[in-house]
Amino acid sequence: MYVYNLVVFLCCTVVTLGLTEGRLRRTRSDACEYGTFQHEGNTCCNCPRGFRVLNPCTDINKRQCVRCEDDTFIEYNNSENECHPCKVCDSNANMETKERCSPSSNTVCGCKENYYCEKGDLCKACYPCDTCKKHGVKQQCTETENTVCNANSTRTGVIVAVLVLLILLAGVGVVFCLWKKRKLCFKDEQSKNEMIPEERLHLNDLDLNPHLSKIVDVLGWKTMKRVAQRSGMRKTDIEEHEFNHRDDVKEQTYALLEAWYQRKGLHGAYPALIKTLCDMNERRTADEIQKIIEKEAIAQP
């Protein structure tokens, strides 16, 4: 009897261990390795990166995943029904493909050879590297930094400084001689007629926003570009407006003028524009802009 009970006990133990092991295996196989999401009250397993959900899970069926189609990707574990389109590198913006798109990663774009962009992953256009023809290359251009050119030699700097000093001394001597002979008049009638607009109209804080479109028609892209350069705007910022509106010169000019105006601010922007144009020997352009502002000022109540 004792032997019989022992045999029965051992059989029950084996069966119990087998059932327990089966449940553990099912639990491990049913575990969601990539996380879960909820669908109609059911907890479904996510699909791995590079795959999307074809059919979500139900009470009866498990979820089904399918690999992302060509030119699409998903780079994280997900519960999405659609893959994302791959990025296309814009050759017109001097960019090229560095890493091709795969189901689990997007395209990686970069600058073509001898072009650079300082914005890294946010770059939308690359710009030509400087060639440093005058002074030679100190540091080669990279994909994220422009070429660094050698500075002028000390000897050249000394020569330039001496020449500038001689020119200044000669200029002072000429002015002194003319003044002494009473042949120099600093406030003649012509100077009064060419007085800058803000002195005549008292519009130091004039808001140029209402006039930007008309000013653009007068300025043109080349002149506006020179104004921006003289104001200290970076070359890359100026060329970005050119790339953003490649087929519309007026839009290029308007965008650059608006950026210049925002940089200058409301106070003093109008006289600064007129003065810069005069310094550039663009008196006719300055006069036309002045007429636009005068006409609008007179029309205001």
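**Disulfides and burial**

Modeller: With -85 degrees about the S-S bond, the link between Cys 68 and Cys 83 is left-handed. This is a predicted model, in which local features need pLDDT of at least 70 and side-chain atom pairs count only at pLDDT 80 or more, while totals for chains, interfaces and linings use all residues. Residues are numbered from 1 along each chain as its sequence is written, and side-chain values use heavy atoms, with hydrogens and water left out.

Colleague: What makes Cys 68 and Cys 83 a disulfide?

Modeller: A disulfide is a pair of cysteine sulfur atoms within 2.5 Å, and the sulfur atoms of Cys 68 and Cys 83 lie 2.1 Å apart, so the two form one. The pair links distant parts of the chain, since Cys 68 sits in the loop between strand E4 (64-67) and strand E5 (72-73), whereas Cys 83 sits in the loop between E5 and strand E6 (84-85), 15 residues apart. Strands (E, at least two residues) are DSSP runs, numbered from the N terminus. By the disulfide rule, the count comes to ten disulfides.

Colleague: Why is Cys 68 called buried?

Modeller: Buried means under 20% relative accessible area, exposed means over 50%, and partly exposed is in between, with a 1.4 Å probe and protein chains only. Cys 68 has a relative accessibility of 7%, and therefore counts as buried.

Colleague: Why is the disulfide of Cys 129 and Cys 141 called left-handed?

Modeller: The torsion about the S-S bond of Cys 129 and Cys 141 is about -50 degrees, and so this disulfide is left-handed. Their sulfur atoms are 1.9 Å apart.

Colleague: Are Cys 129 and Cys 141 buried or partly exposed?

Modeller: Cys 129 counts as buried because its relative accessibility is 14%, whereas Cys 141 has a relative accessible area of 22% and is therefore partly exposed. Cys 278 is also partly exposed, with a relative accessible area of 22%.

Notes: Helices (H or I, at least four residues) and strands (E, at least two) are DSSP runs, numbered from the N terminus.
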